[in-house]
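Have a look at the model first.

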Amino acid sequence: MKRLTLLMILSIIGITAYAQTDSIRVWNKWCSKKDTMLLFTAANNTIAIYSPTLKPTDIKLKSLDISLRIGKPEIKGDTTFVMAMPYPAKGKKMRMAVLYRKSGKTIKTIEFNSDNVPSPVARLGTITRTEVQRKDILSQLTIKAYFPNSLYSYPYAIKQYTFKTAHEKGGATINVPGFMMTRDVLQQIKDAPAGATIEFTGIKATCPECATRTLDDIKIKIK
C-alpha cells in the first residue's frame, strides 16, 4: 500500500513537472508577433522568458549553437530577459535551452529563425498612399517610423522634420521639433488648394542607443 502511494505521489510530481515545462513562455521583445520565434540579424533582440509556475531564479539559459550568442540574463519582476545575437551564417540552427537551475535538466528547447531588418521608413500616421483626401490627412496626428514588411518593432522615434508646401495661394516652410503635426502645419494643410503637394523633409529618427539617421522624404498630394 505504501509503495502504491509512493508511485501515485511520483506520478503527480511528474505531471506537475510536465505542466511546468509546458507553461514556459518565450518571445522576442522586439518582434511584433510574440508567438513567432524570430531573431533579427544586425539588430536588437531581447529574449523574454516567463513561467507561471517557476521563479526566474529557478531558470538557467544556455545557447546550444555557435550561431546564437546570448548575454547575461537580467530578472525584472517575474520575467527573465537576455540579449541575443544571431549569426545564422554560422549554422543552420539557432537553439536556446531553458534549464532548471537546481538539477541542470533541460525544461524546454527553443529554435529560432532569423530575418534581416529593412531600413526604417517614415509615414504620416497610417497613410500609405501618395494622393489622399484632405480630411484624411488632417486626421493624422504624428509622423512615425516603421520597418516595411517586417515584424521588427524596435522603438524608433521621429526627432524632427521640416514641412513644406508651395502653391498658387502661397506656401510655407516650417521646421518642427518632435513628431507631432503642429497647429501651424495643420493650418497650412487646411489652406492649401486641392492638387497641392505637401512634403515632410529632413526627417530625423533615433532610438535608444542608436545614432540619429535621416529618413526618406514623405510627399503627399491633396485630393
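A disulfide is a pair of cysteine sulfur atoms within 2.5 Å. This is a predicted model, where local features need pLDDT of at least 70, side-chain atom pairs count only at pLDDT 80 or more, and totals for chains, interfaces and linings use all residues. Residues are numbered from 1 along each chain as its sequence is written, and side-chain values use heavy atoms, with hydrogens and water left out.

Q: Why is the link of Cys207 to Cys210 called a disulfide?
A: Their S to S distance is 1.7 Å, and the cut-off is within 2.5 Å, so the pair qualifies. A search of the whole structure finds 1 disulfide.

Q: What makes the link of Cys207 and Cys210 left-handed or right-handed?
A: The angle about the S-S bond is -60°, and the link is left-handed.

Q: How do you know whether Cys207 is buried or exposed?
A: Buried means under 20% relative accessible area, exposed over 50%, and partly exposed in between (1.4 Å probe, protein chains only). Cys207 has 7%, so Cys207 is buried. Cys210, with 25%, is partly exposed. Cys31, at 0%, counts as buried.

Q: What makes a set of residues a nonpolar core?
A: Its members are buried Ala, Val, Leu, Ile, Met, Phe, Trp, Tyr and Cys residues joined through side-chain atoms within 4.5 Å. The largest here has 36 residues, of which Ile137, Tyr161, Val185 and Phe200 touch the most other members.
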